[in-house]
Amino acid sequence: MSLKAQEVLDEYSVSYSRESSDTLKLACPFHEDTHPSAVIFTTSNVFHCRVCDKSTNLFRYLQARLGKNVFF
């Protein structure tokens, strides 16, 4: 079974837009981000911000975004 980033983001009501066939564009929770500067690569579920250069996985992104540990 493959985890789909779109489904996880939808489950937690996180806003995003499709940037390309394999990237979703969204706001970075690690800095003040009024214009979405981050992407999640849907093939690997890796998060990367193009402004602050933070990279992590989808789960750590959600923990930062929601301000809580949602998986444990």
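Leaving out residues up to four places away in sequence, Leu 9 touches Val 14, Tyr 16, Leu 24, Leu 26, Ile 40, Leu 58, Tyr 61 and Leu 62. Contact here means heavy atoms within 4.5 Å.

Before going on, a word on the model. This is a predicted model, where local features need pLDDT of at least 70 and side-chain atom pairs count only at pLDDT 80 or more, while totals for chains, interfaces and linings use all residues. Residues are numbered from 1 along each chain as its sequence is written, and side-chain values use heavy atoms, with hydrogens and water left out.

Now the overall layout. The protein chain has 2 helices and 5 strands, and from the N terminus the order is α-β-β-β-β-β-α. The radius of gyration is 11 Å, close to the 11 Å that the globule rule gives for 72 residues, so the chain is as compact as a globular protein of that length. That radius is taken over C-alpha atoms, and the rule is 2.2 Å times the number of residues to the power 0.38. Helices (H or I, at least four residues) and strands (E, at least two) are DSSP runs, numbered from the N terminus. Along the principal axes, the C-alpha atoms fill a box of roughly 35 × 30 × 20 Å.

Of the 72 residues, 33% count as buried. Buried means under 20% relative accessible area, exposed means over 50%, and partly exposed is in between, with a 1.4 Å probe and protein chains only. Among contacts between residues at least 6 apart in sequence, 28% join residues at least 24 apart.

Back to Leu 9 and its surroundings. The largest nonpolar core has 14 residues, and those with the most contacts inside it are Leu 9, Leu 26, Ile 40, Phe 47 and Tyr 61. The elements that give two or more residues to this core are α1 (5-11), β2 (23-26), β3 (38-41), β4 and α2. A nonpolar core is a set of buried Ala, Val, Leu, Ile, Met, Phe, Trp, Tyr and Cys residues joined through side-chain atoms within 4.5 Å. In soluble globular proteins, nonpolar side chains tend to be buried together.

Next, the aromatics. How many aromatic pairs does a search of the whole structure find? The search finds 2. In one of them, the rings of Phe 47 and Tyr 61 have their centres 4.8 Å apart and their planes at 25 degrees, so the pair is stacked. Phe 47 lies in strand β4 and Tyr 61 in helix α2 (residues 58-66), so the pair ties together parts that are 14 residues apart in sequence. For the cut-offs, rings of Phe, Tyr and Trp (its six-membered ring) pair if their centres lie within 6.5 Å; planes under 30 degrees apart count as stacked, over 60 as edge-to-face and the rest as tilted.

Phe 47 is buried at a relative accessible area of 0%, and Tyr 61 is buried at 0% too. Ring pairs link Phe 30, Phe 47 and Tyr 61 into a cluster. The charged end of Lys 54 sits over the ring of Phe 30, 5.1 Å from its centre; the criterion is NZ of Lys or CZ of Arg within 6 Å of the ring centre and within 35 degrees of the ring normal.

Thr 56 is found in strand β5 and is buried, with a relative accessible area of 17%. Beyond its neighbours within four places in sequence, Thr 56 is in contact with Phe 30, Asn 45, Val 46, Phe 47 and Tyr 61. Asn 45 lies in the loop between β3 and β4 and counts as buried at 13% relative accessibility.

On to charges. Side chains of opposite charge can pair when their charged atoms come close. The whole structure has 1 salt bridge, meaning a side-chain nitrogen of Lys or Arg within 4 Å of a carboxyl oxygen of Asp or Glu. Arg 50 forms it with Glu 19, the closest N and O atoms being 2.9 Å apart. Arg 50 lies in the loop between β4 (46-49) and β5 (55-57) and Glu 19 in strand β1 (residues 17-20), so the pair ties together parts that are 31 residues apart in sequence. Glu 19 is partly exposed, at 34% relative accessible area.

Last, two backbone items. Ser 13, in the loop between α1 and β1, has a phi near 55 degrees, a positive value in a residue other than glycine. Ser 13 is exposed, at 66%. Asp 53, in the loop between β4 and β5, has a positive phi of about 65 degrees although it is not a glycine. Asp 53 counts as exposed at 56% relative accessibility.
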